[in-house]
Amino acid sequence: MGMQVAFYKVDGGRLCAWRAHLPKRRPFEGTTMASGRDLPHDLAQFVAESTLRLPHGFWGLLAAGATFESVRRRRTRPGRQVIRMHHATLIATEHLVNGHVAAWRVQSPTPAGPALDAMLARWQALPVGAELRVEWPAVRFHRLRQSWSRSRSAARAPA
């Protein structure tokens, strides 16, 4: 089971918020954003990243344990390390996804277009107070956990 994310409308539908839950962890929330008549930024990002199978974007790293400042979740050393290790790919993914979403918004062809169209229909049909649930697949970064464990052990070892 992967990370479950629930997007929901706030303030009569003018705003969007989301809450995520990783297995065996406490749920956490992201920032609230404008919703308007379009897909909210984080939902469009989720759809594009998952459709294009981009594991090192915001949502993929979040599912892998990253602790971003914009997320209401305790920042941890391993969570910051996930971001540092994948920073260049994260930035590249953000640019790529933003390009696909921008193309979709002006009705230019993009491989993410059909999925964004479908999600927009779901979002527009979502009543205030209901949740739109999506799932990010489970991802494991074994090397990160191993290197983190070794660095912690080395830090504790007597000099």
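Trainee: Where is the place of His 100?

Mentor: His 100 sits in helix 4, which spans residues 87-105. Keep in mind that this is a predicted model.

Trainee: Is His 100 buried or exposed?

Mentor: Burial is read from relative accessible area, with under 20% taken as buried. His 100 has 15% relative accessibility, so the residue counts as buried.

Trainee: Which residues does His 100 touch, leaving out those up to four places away in sequence?

Mentor: With those sequence neighbours set aside, His 100 is in contact with Leu 52, Thr 110, Pro 111 and Ala 112.

Trainee: Now the aromatic rings. How many aromatic pairs does a search of the whole structure find?

Mentor: The search gives nine aromatic pairs. To class a pair, look at the angle between the ring planes; over 60 degrees is edge-to-face. For Phe 7 and Phe 46 the planes are at 75° and the ring centres 6.4 Å apart, so this pair is edge-to-face.

Trainee: Which parts of the chain does that pair link?

Mentor: Distant ones: Phe 7 belongs to strand 1 (residues 3-10) and Phe 46 to helix 1 (residues 41-51), 39 residues apart. Both Phe 7 and Phe 46 are buried.

Trainee: Why is the pair of Trp 18 and Phe 58 classed as it is?

Mentor: The planes of Trp 18 and Phe 58 stand at 80°, with 6.4 Å between ring centres, so the pair is edge-to-face. This pair also links distant parts of the chain, with Trp 18 in strand 2 (residues 15-21) and Phe 58 in helix 2 (residues 58-63), 40 residues apart. Trp 18 and Phe 58 are both buried.

Trainee: Which residues do ring pairs link into a cluster?

Mentor: The cluster consists of Phe 7, Trp 18, Phe 28, Phe 46, Phe 58, Trp 59, Phe 68 and Trp 136.

Trainee: Which residue lies over the face of Phe 28?

Mentor: Arg 73 does, at 4.1 Å from the ring centre. Elsewhere, Lys 9 lies over the face of Trp 123, at 5.2 Å from the ring centre.

Trainee: Last, helix packing. At what angle do the axes of helix 1 and helix 5 cross?

Mentor: A crossing is described by axis distance, angle and handedness. The axes of helix 1 and helix 5 (residues 113-125) come within 10 Å and cross at roughly 145°. The crossing is right-handed.

Trainee: Which residues meet there, and how many are nonpolar, polar or charged?

Mentor: From helix 1, Leu 43, Ala 44, Val 47 and Thr 51 meet Ala 115, Leu 116, Met 119 and Trp 123 of helix 5. By class, this contact has seven nonpolar residues, one polar and no charged ones.

Notes: Residues are numbered from 1 along each chain as its sequence is written. This is a predicted model: local features need pLDDT of at least 70, side-chain atom pairs count only at pLDDT 80 or more; totals for chains, interfaces and linings use all residues. Side-chain values use heavy atoms; hydrogens and water are left out. Rings of Phe, Tyr and Trp (its six-membered ring) pair if their centres lie within 6.5 Å; planes under 30 degrees apart count as stacked, over 60 as edge-to-face and the rest as tilted. Helices (H or I, at least four residues) and strands (E, at least two) are DSSP runs, numbered from the N terminus. Buried means under 20% relative accessible area, exposed over 50%, partly exposed in between (1.4 Å probe, protein chains only). A charge sits over a ring if NZ of Lys or CZ of Arg is within 6 Å of the ring centre and within 35 degrees of the ring normal. Contact means heavy atoms within 4.5 Å. Axes are lines fitted to C-alpha atoms, for helices over the stretch in contact, and angles run from 0 to 180 degrees between N-to-C directions. A crossing is left-handed if the near helix is turned anticlockwise from the far one by less than a right angle, and right-handed if clockwise. Ala, Val, Leu, Ile, Met, Phe, Trp, Tyr, Cys and Pro count as nonpolar, Asp, Glu, Lys and Arg as charged, and the others, Gly among them, as polar.
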